[in-house]
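Please read them beside the sequence and the coordinates.

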Amino acid sequence: MPFARLASATTPTCHIGFGLAAVGRPGYLNLGRDRDLPQDRSVEALRARTHELLDAAYAQGVRYFDAARSYGRSEEFLAGWLAAHPEVDDAVVGSKWGYTYTADWSTDAETHEVKDHGLATYERQRRETDGLLGDRLDLYQIHSVTPDSPALTDKELHAKLAEAAARGRTVGFSTSGPAQADAIRAALAVTVDGEPLFRTVQSTYNVLETSAGPALAEAREAGLTVIVKEGMANGRLAGPAAPDTLTSVAQETGLGCDAVALAVILRRPWAGVVLSGAATTAQLASNLHAAAVDLDDGLLERLAGLSEDPQAYWERRSRLPWH
């Protein structure tokens, strides 16, 4: 497991990763992103911003970096940064397949990505990812598995994924939607030749959307590394959008709402890596303060009251505009 490398890290931020969803393409659905990125959304401008963030993240102890085929040119940007920094030999690199980026570098495309968990898509996107990241890729995940995903039942796909695992690549999956817990439990039951197929799970979990928590605890108990995405709820837990309760707790701790929101997740015993999706170095630095937030039981209890019905949470997320 490549994540064993994180176990030997001593920096307080080693369990915070950096995800490239918000900077690998000009359009994304995070609140405030229209202000976070420069007006120039050219490939070179976002490449420079991504490299700036990767430099800052690595310098501050971050060692897991997360991309995807559908995150525009995120794999390309990450590959370029790794090539420019051959001394970075302790990073863990993950990417995902299953969505194809279709926006053609536009912020107002009608469709930004198309989902397909079929074997042909896996083989095509694996070749594309290998062409960019090559041996630097540690973890390859199925992107956004839901309970009805054919990736949970396709035995031919499972055999191909097991072959990749036998060659040393870690195989994982991510989840999305109000039935994340069901998808996680179904994936835990997938085996090849009697052995569990998946070694990692990446799911949405934050103080507003906690429904996957019990299933993630089960995944950790089964030996999977748990990666948490969207800990900031696509910007709903930062700045002026943050709920009053979160703002009040943050003021009491003396740190930002974002740091507090991520600290809650870091406190979960099953959380292996918690992703920052920062779009600026200031946001990244604030996110990384999560490792220093001291939350007592009283503060955690107040924040627990923010949890929403998962169906309502995901319906609201689906209405967020792509900036």
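Predicted model: local features only at pLDDT ≥ 70, side-chain atom pairs only at ≥ 80, totals over all residues.

1. A159 is partly exposed at 34% relative accessibility, where buried means under 20% relative accessible area, exposed over 50% and partly exposed in between (1.4 Å probe, protein chains only). This residue sits in helix α6; helices (H or I, at least four residues) and strands (E, at least two) are DSSP runs numbered from the N terminus.

2. Residues are numbered from 1 along each chain as its sequence is written, and side-chain values use heavy atoms, with hydrogens and water left out.

3. The largest nonpolar core has 88 residues, and F18, F65, L78 and F198 touch the most other members. Such a core is a set of buried Ala, Val, Leu, Ile, Met, Phe, Trp, Tyr and Cys residues joined through side-chain atoms within 4.5 Å. Helix α10 (residues 257-266) contributes the most to this core, with eight residues. A second, separate core holds eight residues, including L6, Y64, I227 and V273. In soluble globular proteins, nonpolar side chains tend to be buried together.

4. F198 has contacts (heavy atoms within 4.5 Å) with I142, L161, V171, G172, F173, A187, V190 and L224, if residues up to four places away in sequence are not counted.

5. L152 lies in the loop between β6 and α6 (155-166) and counts as buried, with 11% relative accessibility. Beyond residues up to four places away in sequence, L152 touches V145, T146, P147, H158, A183, A186, A187 and V190. For one of these, A183, the C-alpha to C-alpha distance from L152 is 8.5 Å, at 31 residues apart in sequence.

6. The second largest pocket has a volume of about 260 Å³. The search uses a 1 Å grid over the protein atoms alone: a pocket is an open set of points where a 1.4 Å probe fits, with protein on both sides within 12 Å along at least five of seven lines, and lining residues have an atom within 4 Å of a point. Grid points are joined across faces, edges and corners, and the volume is the space filled by probe spheres set on the points.

7. Which residues lie nearest the centre of the second largest pocket? They are F3, R220, L224, T225 and G272, out of 17 lining residues. By class the lining has 11 nonpolar, four polar and two charged residues, with Ala, Val, Leu, Ile, Met, Phe, Trp, Tyr, Cys and Pro counted as nonpolar, Asp, Glu, Lys and Arg as charged, and the others, Gly among them, as polar. Both α1 (4-7) and β11 (225-229) supply at least two lining residues each, and α1 gives the most, with three.

8. T225, in strand β11, counts as buried at 16% relative accessibility. Neighbours within four places in sequence aside, T225 is in contact with M1, F3, R199, T200 and V201.

9. T129 belongs to helix α5 (residues 119-133) and is buried, with a relative accessible area of 0%. Its side chain makes a polar contact with the side chain of Y140 at 2.8 Å. A polar contact is a pair of N or O atoms within 3.5 Å; within protein, one must be able to donate a hydrogen and the other to accept it, and residues adjacent in sequence count only if both atoms are side-chain atoms. Residues up to four places away in sequence not counted, T129 touches R69, E75, S95, G134, L137 and Y140.

10. G24 is placed in the loop between β1 (16-19) and α2 (33-36), and its relative accessible area of 0% makes it buried. With neighbours within four places in sequence left aside, G24 is in contact with Y71, G72, R73, S74, F77 and W105.

11. Two backbone angles deserve a check. Most residues other than glycine have a negative phi. W105, however, has a positive phi near 60 degrees; this residue is in the loop between β4 (99-101) and β5 (113-115) and is partly exposed at 21%. S144 also has a positive phi, of about 60 degrees, but is placed in strand β6 (residues 139-145) and is buried at 7%.
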